[in-house]
Amino acid sequence: MSGEDDTDDRRGGGLTTGEVARRLGVAPTTVRSWDRRYGLGPDAHTGGRHRRWTPADVARLERMCALTATGLPPAEAARLARRGPASAPAPGRPPGSAPPDGPPAAPDGVPAPPPRAARPRDRARTGLQLGAVRQECRGLARAALRLDAVALEKILATAIADHGLVTAWTEVAMPALQAVGRKWESSGEKYVEVEHFLSWHVSGALRRSAPTVPPGAPGGTVVLACVPGEYHTLPLEALAAALAERGVPVRMFGAALPVEALVEAVRRTGPAAVGLWAQSRTTASRPLAQHVAAMEWGVRGARRRPAVLTLGPGWAGRAVPGLSRPGSLAEALTAFEAVVTR
């Protein structure tokens, strides 16, 4: 619930937070989180208890939604959304890239100066802090920094073939992705292109490595989806590929599946288990998980319910009574296999 009455009079002008959330297709808590964390709240404050959002405020949030839907980290998306429509990426052009007619504009509209050539000291600073990792992980990180697609594809394919998908994800891809994320956070929002580049190639490698599994018998399928408002799909893609590698039928629904669509997917497929991924605590919804866990199908006297697993760091501290919360990819695989094969 948004805590606001959407039928409230509009004497103060503008939309309530609940109305804005429905228009955007996100949870009201997400809108409030973007306001609190990134300063994307209403420009003007009206009197009374409820905050009101003007068309300009809503347009800024729409840019935020469009940017995060491309996979852009929320902080970077918010920075671009605050700068206005000119900052949004054109169709077919990666976020943050220069427009075809020249270099990107600075916030005040003045063209940004061309990047200066990197000095040896600058190049040394681009190294990622990886710690004790496999050599393939170091090679993957170096290839990502070079934006070397050929090397990335080869390293990922070799790691999956040599070590299996679980090890390739947990010991090669994931540490590299985490190191790139830390580099981005500590470098004044640089290296966003590296994070996007690496994520895209890891996603492709996961999908290519997953064998096709025939549909399972009723009650033998796993449904995987991100909760509404959640766009971080890579860990869930790794789980889907690993389950397929083990012969478990999976129906993957990806990012930010709306509540109604999730309920309909579960009702139509009658899965043995449902995995709900939440990267952020602001998107993890206990009522949603409990609602899915309470769904039933089948003839009277032999009705079934899905086993619901809450996946991802967003559920930390938000445990749902009676529902499993695996702490790693290996634990999730074991839990899903146990449910499907019993």
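Me: Is W34 buried or exposed, and what is its relative accessible area?
Reply: The model is a predicted one. W34 sits in helix 2, which covers residues 28-38. Buried means under 20% relative accessible area. W34 is therefore classed as buried, its relative accessible area being 9%.

Me: Which residues does W34 touch, not counting residues up to four places away in sequence?
Reply: One of these residues is L61, which lies 27 residues from W34 in sequence, with a C-alpha to C-alpha separation of 8.6 Å. With residues up to four places away in sequence not counted, the residues that W34 touches are G39, L40, L61, M64 and C65.

Me: How many helices and strands does the protein have?
Reply: Buried residues account for 45% of the 342 residues in the protein. Among contacts between residues at least 6 apart in sequence, 66% join residues at least 24 apart. As for secondary structure, the count is 13 helices and four strands.

Me: In what order do the four strands lie in the sheet?
Reply: The four strands form an open sheet, and their pairing is parallel. Strand 2 (250-252) and strand 4 (307-311) each have a single partner strand, so one side of each is left without a neighbour in the sheet. The twist from one strand to the next averages 20°. The order of the strands is 2-1-3-4.

Me: Which residue of strand 4 is the bridge partner of L276?
Reply: Strand 3 (residues 273-277) and strand 4 run parallel and are joined by five bridges. Within this pairing, W277 stands opposite L311 of strand 4. For L276, the bridge partner in strand 4 is T310.

Me: Which residue of strand 3 is the bridge partner of V223?
Reply: Strand 1 covers residues 222-226. Five bridges join strand 1 to strand 3, and the two run parallel. The partner of V223 in strand 3 is V274.

Me: Why is strand 3 largely enclosed by the rest of the structure, and which way do its residues point?
Reply: Five of the five residues of strand 3 are buried, so the strand is largely enclosed by the rest of the structure. Both directions are represented among these buried residues. A273, G275 and W277 point one way, while the other way is taken by V274 and L276.

Me: What angle does the direction of helix 12 make with that of strand 4, and at what angle to strand 4 does helix 13 run?
Reply: Helix 12 (residues 286-293) packs on the sheet and touches strand 3 and strand 4. Helix 13 (residues 329-341) lies across strand 1, strand 3 and strand 4.

Me: What is the volume of the largest cavity?
Reply: The count comes to one cavity of 30 Å³ or more. The lining of the largest cavity consists of L156, A159, I160, L165, A168, W169, V172, A173, V202, A205 and L206. By class, eleven of the lining residues are nonpolar, with no polar and no charged residues. The volume of the largest cavity is about 70 Å³.

Me: Which helix supplies the largest share of the lining of the largest cavity?
Reply: Helix 7 (149-163), helix 8 (165-186) and helix 9 (192-209) each supply at least two residues of this lining. The largest share amounts to five residues, and these come from helix 8.

Me: Is L147 buried, partly exposed or exposed?
Reply: L147 is found in the loop between helix 6 (135-146) and helix 7. Its phi is near 55°, a positive value in a residue other than glycine. The relative accessibility of L147 is 40%, so the residue counts as partly exposed.

Me: Is A256 buried or exposed, and what is its relative accessible area?
Reply: A256 is found in the loop between strand 2 and helix 11 (259-269). Phi of A256 is positive, near 45°, in a residue other than glycine. A256 is buried, and its relative accessible area is 17%.

Note on methods:
Residues are numbered from 1 along each chain as its sequence is written. This is a predicted model: local features need pLDDT of at least 70, side-chain atom pairs count only at pLDDT 80 or more; totals for chains, interfaces and linings use all residues. Side-chain values use heavy atoms; hydrogens and water are left out. On a 1 Å grid over the protein atoms alone, a cavity is a set of points where a 1.4 Å probe fits but cannot get out, and a pocket is an open set with protein on both sides within 12 Å along at least five of seven lines; lining residues have an atom within 4 Å of a point. Grid points are joined across faces, edges and corners, and a volume is the space filled by probe spheres set on the points. Ala, Val, Leu, Ile, Met, Phe, Trp, Tyr, Cys and Pro count as nonpolar, Asp, Glu, Lys and Arg as charged, and the others, Gly among them, as polar. Two strands pair if DSSP finds at least two bridges between them. Axes are lines fitted to C-alpha atoms, for helices over the stretch in contact, and angles run from 0 to 180 degrees between N-to-C directions. Contact means heavy atoms within 4.5 Å. Buried means under 20% relative accessible area, exposed over 50%, partly exposed in between (1.4 Å probe, protein chains only).
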